[in-house]
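This report covers helix packing, aromatic contacts and a few loop residues. The chain is shown first.

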Amino acid sequence: MGRSRYKITEPHLPHFVTLTVLHWIPVFTRPDTVNILLDALRFLSRDGLKVYAWVVLENHCHLVLQSQALDRDIARLKSWTAKNLIQYLAERNVKQILDQLAFYKKAHKGDRAYQFWQEGVHPELIQSDAMMWQKIDYIHQNPVKRGYVDEAAHWRYSSARDYMGSSGLLAVCREW
């Protein structure tokens with residue numbers, strides 16, 4: 001069997017995706033770094049990206065996204081956040097993380113000093129309402145399963161609050 005399940009075959013339909021920091025380096029440990037990612041999602045949302053669910057953990061994030069050209073929008077998201085997160089780290093002289101981003105960079109990425117994101121996003125096409133709810137629950141339970149919080153709504157960096165009647169940090173679309 002091919003790897004077609006890890007390709008965006010229908011870029012206009014919702015997909016569950018995971019973005020992972022290179023070598024699982026913990027970068028999203030400060031509100032400023034998370035806000036760089038959230039700002040990018042807000043910008044893309046104004047440009048047509050629909051965010052159905054999200055969670056940011058210290059070294060990766062899970063999202064359910066949809067747009068007219070999801071593959072292009074994910075590339076834009078990864079490119080802009082990588083540039084701005086590396087700039088943030090450089091301005092604050094976070095040498096240990098920058099050294100790791102340089103050390104683990106793939107050899108074929110010779111046009112840059114650092115690589116921020118791992119390649120790929122392992123997209124999964126959302127094929128039904130049941131699958132959408134399963135992915136949303138998985139996203140919201142991620143910090144609970146890791147033992148970071150007792151209840152999903154207590155994790156500040158997710159859309160769990162939006163699904164429990166409160167407002168979170170990033171507006172989400174709850175109709176599909």
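## Packing of helix 2 with helix 3

Helix 2 and helix 3 cross in a left-handed sense. The model is a predicted one. The two axes are 8 Å apart and the packing angle is about 135°, which means that helix 2 is oblique to helix 3.

Which residues make this contact? On the side of helix 2 they are Ile 86, Leu 89 and Ala 90, and on the side of helix 3 they are Ile 97, Leu 98 and Leu 101.

## Packing of helix 1 with helix 2

Helix 1 covers residues 31–46, and its axis comes within 10 Å of the axis of helix 2, with a crossing angle of roughly 150°. Angles over 145 degrees count as roughly antiparallel, so helix 1 is roughly antiparallel to helix 2. This crossing is right-handed, whereas that of helix 2 and helix 3 is left-handed.

From helix 1, the residues in the contact are Asp 32, Thr 33, Ile 36, Leu 37, Ala 40, Leu 41, Phe 43 and Leu 44. They meet Asp 73, Arg 76, Leu 77, Trp 80, Thr 81, Asn 84, Leu 85 and Tyr 88 of helix 2.

## Aromatic pairs

A pair of aromatic rings is described by the distance between the centres and the angle between the planes. How many such pairs does the structure hold? The count is 9 aromatic pairs. One of them joins Tyr 52 and Trp 176, with 6.0 Å from centre to centre and 85° between the planes, an edge-to-face arrangement. Tyr 52 belongs to strand 2 (residues 50–56), while Trp 176 is in the segment after helix 4 (129–145), so the pair ties together parts that are 124 residues apart in sequence.

Are the two partners buried or exposed? Tyr 52 has a relative accessibility of 1% and therefore counts as buried. Trp 176, at 37% relative accessibility, counts as partly exposed. Another edge-to-face pair is that of Phe 116 and Trp 117, with the ring centres 4.9 Å apart and the planes at 80°. Both Phe 116 and Trp 117 are buried.

## Aromatic cluster and charges over rings

Tyr 52 and Trp 176 also belong to one aromatic cluster, together with Trp 133 and Tyr 163.

## Loop residues with positive phi

Trp 24 is in the loop between strand 1 (15–20) and helix 1. Its phi is near 60°, a positive value in a residue other than glycine. The relative accessible area of Trp 24 is 43%, so this residue is partly exposed. Leaving aside residues up to four places away in sequence, Trp 24 touches Asn 59, His 60 and Gln 118. The C-alpha atoms of Trp 24 and Lys 95 are separated by 16 Å, and these two residues are 71 residues apart along the chain.

Asn 93 is located in the loop between helix 2 and helix 3 (95–103). Phi of Asn 93 is near 55°, again a positive value in a residue other than glycine. Asn 93 has a relative accessible area of 60% and is therefore exposed.

## Gln 68

Where is Gln 68 placed? This residue is in the loop between strand 3 (60–66) and helix 2 (70–91). With a relative accessibility of 71%, Gln 68 counts as exposed, because exposed means over 50%.

Gln 68 touches Pro 11 and His 12, when residues up to four places away in sequence are not counted. Lys 50 is 18 residues from Gln 68 along the chain, and the C-alpha atoms of the two are separated by 9.6 Å.

Definitions and conventions. Residues are numbered from 1 along each chain as its sequence is written. This is a predicted model: local features need pLDDT of at least 70, side-chain atom pairs count only at pLDDT 80 or more; totals for chains, interfaces and linings use all residues. Side-chain values use heavy atoms; hydrogens and water are left out. Rings of Phe, Tyr and Trp (its six-membered ring) pair if their centres lie within 6.5 Å; planes under 30 degrees apart count as stacked, over 60 as edge-to-face and the rest as tilted. Helices (H or I, at least four residues) and strands (E, at least two) are DSSP runs, numbered from the N terminus. Buried means under 20% relative accessible area, exposed over 50%, partly exposed in between (1.4 Å probe, protein chains only). Contact means heavy atoms within 4.5 Å. Axes are lines fitted to C-alpha atoms, for helices over the stretch in contact, and angles run from 0 to 180 degrees between N-to-C directions. Angles under 35 degrees count as roughly parallel, over 145 as roughly antiparallel, 65 to 115 as roughly perpendicular and the rest as oblique. A crossing is left-handed if the near helix is turned anticlockwise from the far one by less than a right angle, and right-handed if clockwise.
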